[in-house]
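Thank you all for coming.

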Amino acid sequence: MSGADGPLRIPRPRRGESAGPGRTGPRPSRGRDDSLDLTRWRGRATDPDADRSRAEAATPEAVARLRARSRALLRGLLRPHRGRLGGAVALLLLQNAAAMAGPYLVMLGIDRGIGPLRAGDPGPLVAVAAAFAVATGTEYAARRGFLALAARIGQAVLLDLRQRVYGHFLRLDVGFHERYTSGRMVSRLTSDLDSIAELVDGGIDKLVMAALSVLSVAGILLWLDLPLAAATLLAFPFLFWLSRWFARASAGAYRRTREAVALVIVHFVESLRGIRAVQAYRREPRNQRIFAAVNDDYRQASLDAFRLIAVYSPGIRMIGNLTVAVVLGYGGWRVLGGRTEVGVLAAFLLYLRRFFEPMEELSQFYNALQSATAALEKLAGVLDERPAVAEPERPVPLPTGPGRGAVVFRSVSFGYRPQAPILAGLELAVPAGQTVALIGPTGAGKSTIAKLVARFHDPDAGAVRLDGIDLRDLADAELRRAVVLVTQENHLFTGSVAENIRFGRPDADDAAVEAAARAIGAHDFIAALPDGYATDVHRRGGRLSAGQRQLVAFARAFLADPRVLILDEATSSLDVPTERLVQRALGSILRDRTALVIAHRLSTVEIADRVLVLDGGRIVEDGPPAELAAAGGRYAALHRQWRDSLI
């Protein structure tokens, strides 16, 4: 994380000062720098691109491209509403015309109505007053119609944008989600969309009306009295310079504000998501200091933006008042000389107020405009992110019939970073229906193989094939039906137990759900819950124990009935009785189904038909577990250690 001028640092408490809530007294020095580098605020140096999409580079060329993409996104959002937009523009023009008629009617009332009124003829003045009332009513009706129509357009655009962003986040590959922090996603869908909603709900019509008023008044002033208009033009160079300065300065200021508020949300979300670790390691004081730093950075960015408004808004008012004073003096001199009429001068002054007031208000609305523009750029950057695991243009269907689920790795090389390959030229063939256990030290490549089979990533070289079809040629929906991955931390969604089990098959009936639970051995504990299968698991499955959550995840996977089932440390959170229950169920459930089992517990490995021992991304042993245990190799050593641990 960085501030505007480099890494954001916050001071540590000095010795003898309080270190935060619940801590007092001196703190021993550990020889560290006397500040906290927030680029390491998660306990490690973060990827500089972790908090931005690839489109959000900091170079001027990237900024220009991102602005162009945001404008293209806006055009795409508005394109389906062209008819309504035309109606809204017509109503705005009608409202502006009615509003501009007011001062002109005042001029007519003074110059054409007062004279006849003195002679006893009120007709002209009454006619002008009636016309004024009609103009006021027209302005009201047009304004009301515009607001109703604009609300429908605005909410439709926001609905479309929310759906696009959410859907795009779902389609992006796992690698993106591992890189892009969850707090940033929350910021995109909340703070950024709220900024756009603020502009749509109350700012854009005022911005447009202000622009129309300025253009209309400028034309009317030139038509009313050219010498007075020429005097007014003296203010234009100052207005142009001040407005141009404000536009340039505020664009960067509001972009920094969007970045700063995103950091606040990121830290808030990650701290609360990891609240158990925060409290277990007594990180509350340090996290509080970090939050204070990012929060203060947001405050400072907001203050910088408001300082610009504090210069622009009073500056416009000062220029406007000075212009009115000049026009009043010069116009009065022309009235005395008989070169202009009193009504013209009165109308001119009224129009001047209508010219400068919108420009002064523009500073307030420009706040919303710049904030929304910066937010739209962020959203455009996310929507421009292309999945690293892309859908094929012409998907190939999987073959049907018996013997489904054969997995083949052909010369597969892969690394999460180019300079650190995990697999190099891996050759592996898993026949259909075979259960293969993958064991080896941490970092050997076991989970990487599982992720490649599930196509969370694509190989850097070579190919992974399922039933003879390259995974890159399979439609994503078909692949997800064919391959299911069960990990040790399967997420349960808020809802009932039955809804979580049928997550992979939403059309499954209650009988199928119960059959899957019985097959995995989860039926008894589910039936004992207060509402059975209708019991709400609460947020993230908090109502269930870790073992129960894992059993529900197993039932979910088995109900999905995939060709290939991957168990990645899936029994590590189970206690011994529950693990034995699951292992008994696995014997029948994995029959005639291809399975990759990643486990450190050799009790789970023993159910496999074949064991692969990996080290450094290579297969160093391959064979049935009984043969490998008798061969005296690495698996035999692991098997002895496991047997000894049971004594």
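Before the first pair, a word on terms: buried means under 20% relative accessible area, exposed means over 50%, and partly exposed is in between, with a 1.4 Å probe and protein chains only. Please keep in mind that this is a predicted model, in which local features need pLDDT of at least 70 and side-chain atom pairs count only at pLDDT 80 or more, while totals for chains, interfaces and linings use all residues. Residues are numbered from 1 along each chain as its sequence is written, and side-chain values use heavy atoms, with hydrogens and water left out.

A salt bridge here is a side-chain nitrogen of Lys or Arg within 4 Å of a carboxyl oxygen of Asp or Glu, and by this rule the count comes to 14. One of them joins the side chains of Arg 563 and Asp 467, at 2.5 Å from N to O. This pair links distant parts of the chain, 96 residues apart, with Arg 563 in the loop between α17 (546-560) and β11 (564-568) and Asp 467 in the loop between β8 (461-466) and β9 (469-470). Are these two residues buried or exposed? Both Arg 563 and Asp 467 are buried.

Arg 610 and Asp 622 also meet through their side chains in a salt bridge, at 2.9 Å from N to O. Because Arg 610 lies in strand β13 (residues 610-615) and Asp 622 in strand β14 (residues 618-623), the pair ties together parts that are 12 residues apart in sequence. Arg 610 is buried, at 13% relative accessible area, whereas Asp 622, at 41%, counts as partly exposed.

Within helix α15 (residues 510-520), Arg 518 and Glu 514 are 4 residues apart, which means that about one helical turn separates them. Their closest N and O atoms are 3.0 Å apart in a salt bridge. Arg 518 is partly exposed at 49% relative accessible area, and Glu 514 is partly exposed at 29%.

The largest cavity has a volume of about 30 Å³, and its lining includes Arg 455, His 457 and Asp 458.

Conventions:
1 Å grid on protein atoms, 1.4 Å probe; cavity = no way out; pocket = protein on both sides within 12 Å on 5 of 7 lines; lining within 4 Å. Points joined across faces, edges and corners; volume = space filled by probe spheres on them. Helix = DSSP H or I, 4+ residues; strand = E, 2+ residues; numbered from the N terminus.
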